[in-house]
Amino acid sequence: MVDVLNDLLTVLDSTLRLATPLLLACLAGLFSERAGIFDIGLEGKMLAAAFFSAAAAALTGSVWIGLASGIAASLALSAVHGLASITFRGNQLISGVAINFLAAGMTVLIAQSLFQQGGRTPSLSGQARFNPVDLPFAEQIETVPLLGPIYAELFSGHTILVYAALAMVPLTWWLLYRTRFGLRLRAVGEAPEAVDTAGVSVIRLRFTAVAICGVLCGIAGAYLSTGLQAGFVKDMTAGRGYIALAALIFAKWRPWYALISCLLFGFLQALALRPDLIEKYLFFKVQIQLLDALPYILTVIILAGFVGKAIPPRAGGEPYVKER
Amino acid sequence: MNIKNDIPAIELVAVSKSFGNIQANKDISVRVMPGTIHGIIGENGAGKSTLMSILYGFYKADKGEVFIAGHQTQIPDSQAAIAAGIGMVFQHFKLVPNFSVLENIILGAEDGAMLRPSLAKARESLLSLARDYEMNVDPDAIVEELSVGHQQRVEILKALYRQANILILDEPTGVLTPSEADQLFRILKRLRDEGKTIILITHKLREIMDITDTVSVMRRGEMTATVKTADTNPEQLAELMVGRKVLLRIDKSAAQPGKELLHVKNLQVTDEAGVLRLKGVSFNIRAGEILGIAGVAGNGQSELLEVLGGYRTAQGQILVNGAPIDITGQNADGQSRRKHGIAHVPEDRQREGLIMDFAAWENIAFGYHTDEKYQSGIFMNNAAIKQDASEKMQRFDVRPPNHNLTAKSFSGGNQQKLVLAREIERDPDILLVGQPTRGVDIGAIEFIHQQIMTLRERGKAILLVSVELEEIMSLSDRIAVMFDGQIMGERLPNETNEKELGLLMAGITEEVA
Amino acid sequence: MEKMPAWADVVLVPLISLLLAAAISALVIMAIGEDPVAAVKMMVSGALGSTYGWGYTLYYATNFMFTGLAVSVAFHAKMFNIGGEGQAMIGGLGVALMALFIPWPHWSLALIFCSIGGAVFGALWALIPAILQAKRGSHIVITTIMFNFMAAALLNYLLVSILRPVGAMDPATASFPEPTHLPTLHDLMMPLGIQFSKSAPANISLLLALAAAVFVWVLIWRTRLGYALRAFGHSDTAAQYAGINPVKITVLTMLISGGLAGLMAVNTTLGEAERLILNATEGAGFIGIAVALMGRSHPFGVVLASILFGFLYQGGAELALWTSIPRELIVVIQALVILFTGALDNMVRMPIERLFIALRGSGDRDG
């Protein structure tokens with residue numbers, strides 16, 4: 001019985017850690033899409049942030065400088081996307097795809113140039129990484145049956161970015177539904193003409209949304225290379241940006257649902273790391289490639305609408321042109 | 001607020017605006033006194049929209065000045081317009097569909113960064129405004145669930161909430177039933193009596209005569225006249241609009257209907273959301289007869305045309321020449337209506353009737369691209385299509401007569417003529433036509449009406465759908481009114497009037513009334 | 001009013017976009033400490049300076065022609081098929097199965113039937129995303145990306161566990177039998193008296209790719225299906241009015257697109273590697289996007305753009321060999337091309353439009 005609890009806690013623990021980059025990227029996409037800008041470049045922004053934060057952390061020894069660099073890199077790519085989508089009214093999907101390739105190429109290029117290690121950064125340790133944080137009273141409560149281990153193992157002991165990501169959910173909700181900014185942001189994704197004729201700048205709102213997206217993707221990427229793992233490796237995002245998009249659609253573009261859908265995907269990814277547990281509890285051996293492909297398969301199933309129909313923001317993906 | 005009767009609420013002096021070579025507004029000068037309703041009438045392309053855009057800050061005039069209550073005012077953007085007391089009610093509403101009325105009203109005029117206190121304050125203001133001007137609204141209603149008339153009220157309240165003194169309305173009655181239009185006019189008169197200034201932009205001569213105090217006519221970018229409404233009449237205004245005498249009513253020979261060509265029985269259409277859009281519509285049309293379907297947009301007319309046009313599934317029966325045809329089944333084959341001699345000029349030529357980025361010659365084959373005479377072997381015979389296009393464009397006086405130009409290079413009237421040329425030249429037995437003269441200048445309107453009458457004389461059956469009651473009454477042999485997916489009643493044009501039709505359009509039949 | 005003459009639209013705008021991409025690439029090269037001019041010289045000599053170089057350039061160009069045509073066909077119907085990579089991978093499976101399990105007496109038969117196998121498998125891999133888009137509105141961009149990942153996983157499993165010959169170390173199939181080997185350009189040019197490099201992989205698939213380009217041109221502009229496809233791409237609402245079935249068109253377009261991508265495997269798997277290996281596609285599916293955008297989705301433009309990218313690819317390989325510039329530079333260039341020709345199109349287009357309007361305005365005064 002204790003055995004089952006331990007296994008469960010291990011998997012759930014992994015779930016939280018794996019869900020964190022997904023959640024951050026998902027919320028990033030939420031802000032952007034709610035404002036009417038489709039962003040399939042979440043992957044590229046995360047990747048760029050992962051590299052630059054790891055590189056800066058490796059070079060300076062400080063993970064906080066790394067975090068700032070990662071965010072800066074992601075913001076730079078956001079600026080490109082914003083410029084293409086908003087100012088030049090270009091195709092938002094093509095812009096996102098281009099940004100993904102740009103990040104994939106540039107990260108390896110610069111990594112090779114800086115570190116000559118075949119496109120990766122050196123391993124990070126010590127202050128150059130985010131280290132686990134113990135929540136207060138974790139040690140004391142540990143011995144309490146059931147609740148103790150849950151608090152001590154599952155909730156405590158994560159890096160600070162995990163807690164930050166969780167805190168982003170209510171913050172996002174509050175921003176969207178309780179502030180003037182949130183009202184306008186939601187409006188600009190549904191009916192930008194209403195915002196424009198009310199004398200509010202559609203362009204400024206959308207760029208703000210794109211910037212928030214950049215910051216959150218930056219944190220997501222930095223977490224990947226300095227929190228979840230210890231350094232940057234080529235293509236380390238492995239499709240997380242797209243999975244975050246699927247989670248966003250699954251969550252019908254709402255913050256609390258986004259938490260649930262990202263936890264679900266995180267859970268799948270955690271399972272894929274422990275095929276032995278699947279064998280133990282489900283009694284059959286699953287091919288490792290199938291486990292790896294599970295998140296992508298689930299994404300397609302969600303998109304096929306077999307788990308409910310999701311209506312995106314009405315003005316999403318379309319550049320705003322004043323009707324005169 | 002000073003209501004000095006000699007200072008105009010808004011005055012334009014020599015306002016001009018060009019786009020490249022095209023002068024959209026040329027030397028426009030006009031004064032509108034406070035507490036009046038001033039109409040601006042003109043055809044499409046006369047420059048009304050440009051003028052409005054200047055007043056609302058979307059464009060900057062090249063020359064000229066705008067005076068608000070005697071003070072020269074710059075209007076670089078919408079915020080400045082709002083600050084100057086100008087409120088605009090657009091033809092296509094600028095509302096957020098899934099927000100509540102209250103949220104729509106405060107959008108952009110919120111009082112502070114936190115939402116809940118703003119909403120609470122706005123609620124009180126809104127309710128008192130609504131009371132003062134007798135416009136009832138439920139602040140928490142979701143806008144997309146409101147009727148069009150109610151949505152328009154929200155737009156007016158938006159402007160009043162921002163303390164507009166000058167209210168500009170652009171084609172406000174296009175989407176209203178006659179009784180809703182009456183209610184709107186009542187509100188406008190109330191506002192006028194309270195000292196507000198109203199500018200009504202419309203192409204409907206009737207409205208100008210009914211409600212305005214003064215009217216300006218625009219033609220080709222210039223304001224050709226400004227008169228007191230009481231001193232003029234529709235014919236004079238039409239002549240000022242076009243520059244020559246205009247035939248407002250069409251001469252019609254007596255109807256001599258032949259055998260029944262189209263019979264529709266109990267058509268029912270359910271949309272994707274499961275809502276019943278057509279609730280058992282039945283009618284027939286005989287050879288040489290025009291059946292006009294009157295009604296406000298959104299009551300099932302579009303669905304009716306789509307079903308008969310062969311691209312929407314429906315239950316019910318359609319008989320052509322007495323024989324049932326299947327163009328409504330599960331796999332509605334868009335091609336089959338063409339095989340049965342049904343031609344369709346759709347309501348929205350830009351979204352349905354034409355591919356705007358295709359050349360005119362490619363559009364001539366649109367919908368008929370599998371036609372034998374356009375093929376040579378397994379390939380399409382582009383030369384044959386171009387030849388055909390040339391001929392058709394000439395016969396229908398499409399200008400400029402260059403079949404290589406893309407459809408979007410043509411004016412609205414010429415685009416419509418292109419669609420008509422394509423459909424009518426096939427010598428169909430049955431013609432479906434929706435909103436034939438929407439966005440079309442008066443010259444082309446005459447031509448198009450003439451074409452429809454010619455078809456009628458040649459013994460074809462014509463289904464005419466239009467929201468313009470005048471058009472229906474002047475062209476139809478019989479009139480059926482649609483409301484909420486049903487035909488409320490049939491009348492003969494010379495035995496009825498707009499008031500009676502208006503009641504039917506609003507869903508009020510004798511039984512209910 | 002047409003804003004700019006056709007030649008400007010088709011040639012000038014992409015050219016300027018390309019120059020911008022090149023300029024930024026030069027900056028990147030300088031930033032990592034290399035000399036852009038020297039780099040270009042090395043690329044030119046490495047890719048175009050010998051028949052060996054040409055052989056590789058044309059070999060890569062052949063790949064990009066197939067994937068570029070695939071993306072182009074879908075673009076005409078306003079669909080963004082990013083799944084070319086996965087479709088080409090699965091196409092490789094089709095080619096391999098045909099080559100391994102049926103004893104072909106002559107390469108011409110192998111070519112025909114392996115092409116069919118590759119095209120059919122590639123088309124099938126595009127089928128589900130197509131149906132999901134047509135019937136459920138699932139965005140084809142995300143589904144095809146997911147199918148790329150799924151193809152990689154599937155192929156990994158098949159090559160490691162199923163198709164690998166017993167005792168072999170590489171995750172790959174057995175080598176294809178001798179009669180299936182395709183003639184290379186060397187073999188084709190010999191009767192003409194031209195000494196083409198023997199070790200370059202360019203092969204008869206190049207001719208197949210050019211034939212595919214002609215096929216696509218005829219399809220799009222000279223057939224009813226092409227007409228319907230283009231009409232649907234411009235306006236799906238109008239297409240319905242015209243009796244064009246949106247589901248049918250979506251699926252047909254994607255099948256053709258997937259089939260073209262699958263044909264790429266004839267060049268790589270049958271023509272060069274002569275067995276199915278992991279990652280045979282090496283990003284060609286994505287370069288197809290850049291090629292389609294640069295070539296404005298026109299087969300002729302696609303062919304030219306493919307040769308350009310073939311040059312970049314082979315030149316990039318040379319750079320990677322002799323300098324510290326990694327192959328990823330090509331990915332960066334590809335990204336910049338996609339960015340400028342695809343997303344920042346208006347940034348180049350708008351000033352040029354204004355230039356033409358100004359030139360025209362000064363020409364006629366009467367208005």
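## Basis of the model

The structure is a predicted model, in which local features need pLDDT of at least 70, side-chain atom pairs count only at pLDDT 80 or more, and totals for chains, interfaces and linings use all residues. Residues are numbered from 1 along each chain as its sequence is written, while chains are lettered from A and ligands numbered from 1 in the order in which they are written.

## Overall form of chain C

Chain C contains 15 helices and 0 strands; helices (H or I, at least four residues) and strands (E, at least two) are DSSP runs, numbered from the N terminus. Its C-alpha atoms occupy a box of roughly 80 × 55 × 40 Å along the principal axes.

Of the 367 residues in chain C, 56% are buried. A residue counts as buried if 20 or more other C-beta atoms lie within 10 Å of its own, as exposed if 12 or fewer do, and as partly exposed in between, with C-beta atoms placed from the backbone. Among contacts in chain C between residues at least 6 apart in sequence, 76% join residues at least 24 apart; a contact requires C-beta atoms, placed from the backbone, to lie within 7 Å.

## Helix α4 of chain C

Because 15 of its 18 residues are buried, α4(C) is largely enclosed by the rest of the structure.

## Interfaces of chain C

In the interface with chain A, 36 residues of chain C are in contact with 36 residues of chain A. The helices of chain C that each supply at least two residues to this side include α5 (107-136), α6 (140-162) and α15 (345-363). By class, this side of chain C has 25 nonpolar, 8 polar and 3 charged residues. Here Ala, Val, Leu, Ile, Met, Phe, Trp, Tyr, Cys and Pro count as nonpolar, Asp, Glu, Lys and Arg as charged, and the others, Gly among them, as polar.

Towards chain B, 19 residues of chain C are in contact with 24 residues of chain B. On the chain B side, α11 (349-353) and β18 (379-380) each supply at least two residues, and the largest share, 3 residues, comes from α11(B). This side of chain B divides into 9 nonpolar, 11 polar and 4 charged residues.

## Strand β20 of chain B

Strand β20(B), residues 461-465, has 5 of its 5 residues buried. Both faces are covered, with B:A461, B:L463 and B:V465 on one side and B:I462 and B:L464 on the other.

Strand β13(B), residues 289-294, runs parallel to β20(B) and is joined to it by 5 bridges; pairing requires at least two bridges found by DSSP. Within this pair, B:I293 has B:V465 as its bridge partner. Strand β19(B), residues 430-434, also pairs with β20(B) in the parallel sense over 5 bridges, and B:V433 stands opposite B:L464.

## Residue B:Q72

B:Q72 lies in strand β5(B), residues 71-72. With 10 other C-beta atoms within 10 Å, B:Q72 is exposed. Leaving aside neighbours within four places in sequence, B:Q72 is in contact with B:E65 and B:F67.

Terms used. Two residues are in contact if their C-beta atoms, placed from the backbone, lie within 7 Å.
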